[in-house]
Amino acid sequence: MIQSALHAEILPKPHVAIIMDGSGRWALAHGLPRSEGHRAGVEAVRRVIAGALELGVGTLTLHSFSSGNWQRPPEEVARLFGIFEDFLFEEPSLWIERGIRATVFGRRDRLPASLLETIEYAENATSGCQRLHLRLAIDYSARQAILRAAEQLAAADSNVETPEARFERLLAEAGGETVPEVDLLIRTGGEQRLSDFMLWESAYAELYFTSVLWPDFTAEDLADALKEFHARDRRFGALATAV
Ligand code: IPE
Ligand code: IPE
Ligand code: MG
């Protein structure tokens with residue numbers, strides 16, 4: 001008990017990012033339309049948020065819709081946006097109770113007005129919460145985000161910050177706050193690729209790939225991933241710490 005309290009105090013709370021993949025294949029395997037896979041995926045999101053709170057995660061970033069996903073059939077895109085909207089409308093009361101601050105990042109100019117409104121509602125409602133920062137990527141492309149930040153950096157004449165600090169703030173896109181680097185990047189669904197997700201922020205992230213399809217992912221699966229993460233030796237280019 002004392003040991004775990006001490007542990008929690010000493011270790012910084014990790015930033016876990018998840019590429020939630022495999023919902024379409026989950027639906028196919030159950031003889032259901034792809035949209036049912038996305039619906040079942042929301043339950044996995046709820047489980048993982050609860051697990052993240054329990055496991056002392058500081059920031060949880062969930063890849064929800066990539067800019068590349070616009071290439072999907074319009075019905076699937078509309079269904080996904082409907083699911084995001086319902087979710088972001090329903091959850092904030094629980095999030096406030098649990099101390100979860102939610103923010104959404106990615107392009108906003110192509111989203112339906114009603115989704116945009118719900119995003120703003122969820123962000124405003126939870127802005128005072130401090131226990132867990134939940135970040136949802138919607139219409140997100142890491143390359144585009146890097147490019148935009150680079151353009152803004154080039155246009156700026158500030159010499160108050162180092163270029164790197166300023167760049168990271170521009171990249172975060174959220175009211176000037178810097179997002180901590182990703183510590184652990186999980187991808188479900190069996191593919192082993194980054195699909196244009198958090199390329200800058202994951203420079204030294206520990207990668208964890210699992211074949212579990214996203215709708216089947218549980219809080220225990222998250223705990224397993226974190227356990228493996230804590231057992232890894234992160235060197236950041238330096239030598240292993242002396243024992
Ligand atoms: C990930 O699941 C969710 C989104 C891309 C929105 P997929 O829909 O990519 O599921 P698979 O990869 O086809 O199984
Ligand atoms: C990545 O999954 C995007 C999300 C999980 C939101 P995709 O299914 O879109 O990635 P690819 O197409 O297999 O690379
Ligand atoms: Mg996929």
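Predicted model: local features only at pLDDT ≥ 70, side-chain atom pairs only at ≥ 80, totals over all residues.
Residues are numbered from 1 along each chain as its sequence is written, and chains are lettered from A and ligands numbered from 1 in the order in which they are written. Local features of the model need pLDDT of at least 70, side-chain atom pairs count only at pLDDT 80 or more, and totals for chains, interfaces and linings use all residues; side-chain values use heavy atoms, with hydrogens and water left out.

**View 1. Packing of helices α4 and α6.** Helix α4 spans residues 74-90 and helix α6 residues 113-125 (DSSP runs of H or I, at least four residues, numbered from the N terminus). Their axes are 9 Å apart, at an angle of about 30° (lines fitted to C-alpha atoms over the stretch in contact, with angles from 0 to 180 degrees between N-to-C directions). That makes α4 roughly parallel to α6 (angles under 35 degrees). On the α4 side, F81, F84, E85, L88 and F89 meet S114, L115, T118, I119, Y121 and A122 of α6 (heavy atoms within 4.5 Å).

View 2. Polar backbone atoms lie 3.5 Å from an oxygen atom of the ligand at G22 and 2.9 Å at G24. For R25, a backbone N or O atom is 2.7 Å from an oxygen atom of ligand 1.

View 3. Side-chain polar atoms lie 2.9 Å from an oxygen atom of ligand 2 at N69 and 2.7 Å at S195. For R187, a side-chain N or O atom is 3.3 Å from a ligand 2 oxygen atom.

Conventions:
Helix = DSSP H or I, 4+ residues; strand = E, 2+ residues; numbered from the N terminus. Parallel < 35°, antiparallel > 145°, perpendicular 65-115°, else oblique. Polar contact = N/O pair within 3.5 Å; in protein donor to acceptor, adjacent residues only side chain to side chain.
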